[in-house]
Amino acid sequence: MTQRETVAVIGGGAAGLAAAVAAAECGDRVIILERMDRIGKKLLATGNGRCNLMNSGPLAYYGETDIVRSVMALMGADAQRRFWNRHGLALREEDAGRVYPATLQAATVLDTLRFTLEKLGVEVRTGVRVTGLHRDGDGWSVETESGRVACDRVIVCGGGKAQPKLGSDGSAYALLQAFGHRLVPPRAALTQIETDTAPIRGLSGLRVRAGITVLTGGGRMKQERGEVLFTDYGLSGVCAMQCARWITPKAELSLNFLPGWSGENEVINDLRHRRNLWRSSPAERLLTGLLAPRLAERLLEAARVTVRERTAGSLQDGELQHLARVLLDFRLKPTGVKGFESAQVTAGGISPEAFDPFTMASELAPGIYAAGEILDVDGDCGGFNLMFAFGTGILAGLRGRESKDGRKIG
Ligand SMILES: Cc1cc2nc3c(=O)[nH]c(=O)nc-3n(C[C@H](O)[C@H](O)[C@H](O)COP(=O)(O)OP(=O)(O)OC[C@H]3O[C@@H](n4cnc5c(N)ncnc54)[C@H](O)[C@@H]3O)c2cc1C
């Protein structure tokens, strides 16, 4: 008979809770060490309180993505769906493969995990910050601010640096760096973009559907389409946030306010139709019915189309052409991105290169495992980050033992 092992899980976030459930289901004695006063704080804030916990569509990950393919082959959306179903969490899929709890409440996901941990006898210690990991004979000694915890294995799920008020302050990186694991400099991702504000003055609070292309040195780094929210510092909204990780000092943004349109000819034809439609009305009404008046005013200005004391009918073809270009390619200079305080996720982190992708075991420190956002993998909005955290957490908890939900591991 195999001996019951003691596993210390560092961090009571998505990855840590999933790891604890999987390990306890395999018969391990599990202790969760969480620095905040309660577990799952960030989980409650996810998806605007609805918790978009996975995505059944094509994978959208960045950073060191080799590991993602292995993890998702074993513990992807189907296996995670079975995991949740087995633990009684009803799911609901919305557009673009986004999966939520059927209740549309993040608290339901946390309750499912909390009560499962309770049922499995997992010990949860909150208000405990882990400061070091030390070899202790065949096992490990976990150093905390309030004493040491002896265990056979340690699963490090301390998250990245995004939203430290919810717990993840980057302090867990050092726990793995101490054994030679490489840290890829962490950067804020899925966050708001700060821009030159003069071209968008007066637009704060306006929400539009648009395309954004991040350009650097003539090349396209990233193209996104979706909701853009103008703010007094720049751009927010899912579309802008997904572009944030590509912002560099040389980057420029190209906004397309007619993203579904076929191109310049279609727009020019439409502008001609509008010129005719509003021919005896003030020229500033040209874009009525197409764009919000505040935005129309800024775009006419950017296209250098003078509207004062003119009728729409007096606008020249050349002016319409300029305007069409601006509608499809409105340039805006980013000046930076909002920091970790407002980021949803961290790009960078501990390189997964020295972790076994099937068990998440460290190849540098046997008995140490890692899972979740602490690793150099980040995903788009839409459930990808939680799916990676839960998937790697379950694999680390199983560490090669047979999964009830996915294929046999290891
Ligand atoms: C506002 C917001 C909304 C989001 N919405 C979504 C969404 O809808 N879908 C999605 O897929 N992703 C979403 N994300 C991203 C997602 O929440 C994270 O990628 C995911 O929670 C990462 O899980 P994790 O367990 O790896 O890290 P975390 O959830 O950050 O958990 C790490 C835990 O470790 C603890 N800890 C850290 N260091 C120590 C230490 N030294 N000692 C003890 N404990 C420690 C922390 O307190 C924390 O509880 C959102 C993020 C935010 C901030």
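Me: A residue is buried if 20 or more other C-beta atoms lie within 10 Å of its own, exposed if 12 or fewer, and partly exposed in between, with C-beta atoms placed from the backbone. What percentage of the 410 residues in the protein is buried?

Reply: Happy to start there! This is a predicted model, in which local features need pLDDT of at least 70 and side-chain atom pairs count only at pLDDT 80 or more, while totals for chains, interfaces and linings use all residues. Residues are numbered from 1 along each chain as its sequence is written. Of the 410 residues in the protein, the buried share is 47%.

Me: Is valine 267 buried or exposed?

Reply: Valine 267 lies in helix H8, residues 264-277; helices here are DSSP runs of H or I with at least four residues, and strands are runs of E with at least two, numbered from the N terminus. Around valine 267 there are 22 other C-beta atoms within 10 Å, so this residue is buried.

Me: Which residues does valine 267 touch, not counting those up to four places away in sequence?

Reply: Contact means that two C-beta atoms, placed from the backbone, lie within 7 Å. Leaving out residues up to four places away in sequence, valine 267 touches Leu258, Trp261, Ala324, Leu327 and Leu328.

Me: What is the relation of H9 to H10, parallel or oblique?

Reply: Axes are lines fitted to C-alpha atoms, for helices over the stretch in contact, and angles run from 0 to 180 degrees between N-to-C directions. The axes of H9 (residues 293-302) and H10 (residues 317-328) come within 9 Å and cross at roughly 120 degrees. Angles under 35 degrees are roughly parallel, over 145 roughly antiparallel, 65 to 115 roughly perpendicular and the rest oblique, so H9 is, relative to H10, oblique.

Me: How many nonpolar residues are in the contact of H9 with H10?

Reply: H9 brings Leu299, Leu300 and Ala302, and H10 brings Leu323, Val326 and Leu327. Ala, Val, Leu, Ile, Met, Phe, Trp, Tyr, Cys and Pro count as nonpolar, Asp, Glu, Lys and Arg as charged, and the others, Gly among them, as polar. The contact has no polar and no charged residues, and its nonpolar count is 6.
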